[in-house]
Amino acid sequence: MTPIDRELSPWSVALISSTVTLCLVFMVVTITHWIRDPNHPGRIVLRRGRWYPTVLSYPLSMMLLCALPVIPLSVGIDYVLPSNLSNEPEYRVLLSALPIPVWGTLCLGASLVLIAGLAMRWGWWVITGLWATGSVIAVMATGQFMAVMPNRWWDGVHDAVFSFAIALIYWGLAAGYAQQINNAYDTDNDG
């Protein structure tokens with residue numbers, strides 16, 4: 001019996017249907033808010049808003065920054081401790097490059113640099129930790145992608161895509177903080 005052949009419980013069906021319904025209602029309300037022209041009620045116009053994603057307030061941004069080391073820390077601990085990861089097909093490419101405990105050590109090292117930088121408020125340590133984490137995760141995502149390439153329809157590619165998206169987030173934060181630090185200490189813009 002495959003997972004698709006199993007029957008869902010009534011609670012599962014209710015949870016899934018209510019979640020989908022709430023998402024659809026939210027989308028419809030949001031889209032109708034975007035496309036209604038307040039000056040002409042019957043007219044539909046799609047306009048860009050005036051909102052720009054900017055830096056969040058200090059307590060919220062620190063909360064999000066403190067959550068960043070959780071990913072490499074959990075992956076590092078999972079890979080360093082003994083497990084059956086070597087039997088998983090998505091890890092065969094990674095294992096051909098380095099043993100799983102070495103990948104775990106790289107993740108732990110990157111997260112510890114990131115944690116030290118955040119704790120001590122050392123900007124370049126944070127940038128280094130973010131960049132190293134993004135690099136290790138991107139290499140692991142490449143290995144995951146190479147492992148699923150032979151599968152029909154690239155079955156299982158979502159893990160590699162998620163991992164690479166996470167790596168891009170880490171790299172983007174590292175580049176943004178590097179630019180922020182360079183702009184803060186730039187003395188050539190005296191005017």
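These are my entries, from the whole chain down to single residues.

**Ground rules.** I am working with a predicted model, where local features need pLDDT of at least 70 and side-chain atom pairs count only at pLDDT 80 or more, while totals for chains, interfaces and linings use all residues. I number residues from 1 along each chain as its sequence is written, and side-chain values use heavy atoms, with hydrogens and water left out.

**Entry 1, the whole chain.** I looked up the secondary structure and found 7 helices and 0 strands in the protein chain. Read from the N terminus, the elements go α-α-α-α-α-α-α. Helices (H or I, at least four residues) and strands (E, at least two) are DSSP runs here, numbered from the N terminus. The accessible surface of the protein chain is about 14200 Å², with 68% of that on carbon and sulfur atoms; such areas come from the Shrake-Rupley method with a 1.4 Å probe, and for residues only the protein chains shown count as cover. I also noted that 23% of the 191 residues count as buried. Buried means under 20% relative accessible area, exposed over 50%, and partly exposed in between (1.4 Å probe, protein chains only). For contacts between residues at least 6 apart in sequence, 58% join residues at least 24 apart, where contact means heavy atoms within 4.5 Å.

I found Tyr170 in helix H7 (residues 157–184). Is Tyr170 buried or exposed? Tyr170 counts as buried because its relative accessibility is 1%. Leaving out residues up to four places away in sequence, Tyr170 touches Leu68, Ile71, Pro72, Leu114, Leu130, Thr133, Gly134 and Ile137. The Tyr170 side chain also reaches the backbone oxygen of Leu68 at 2.5 Å. I count a polar contact as a pair of N or O atoms within 3.5 Å; within protein, one must be able to donate a hydrogen and the other to accept it, and residues adjacent in sequence count only if both atoms are side-chain atoms.

Thr133 belongs to helix H6 (residues 123–148) and is buried, at 2% relative accessibility. Which residues does Thr133 contact, neighbours within four places in sequence aside? They are Pro72, Ala110, Ser111 and Tyr170. Between Thr133 and Pro72 I read 61 residues in sequence and 6.6 Å in space, C-alpha to C-alpha.

Back in helix H7, I picked Ser163, which is buried at 16% relative accessible area. The side chains of Ser163 and Gln144 are joined by a polar contact of 3.1 Å. Gln144 is also on the list of residues that Ser163 touches, together with Ile137 and Ala141, when residues up to four places away in sequence are not counted.

How many disulfides does a search of the whole structure find? The search gives 0, with a disulfide taken as a pair of cysteine sulfur atoms within 2.5 Å. Cys66 is partly exposed, at 47% relative accessible area, whereas Cys107 is buried, at 2%.
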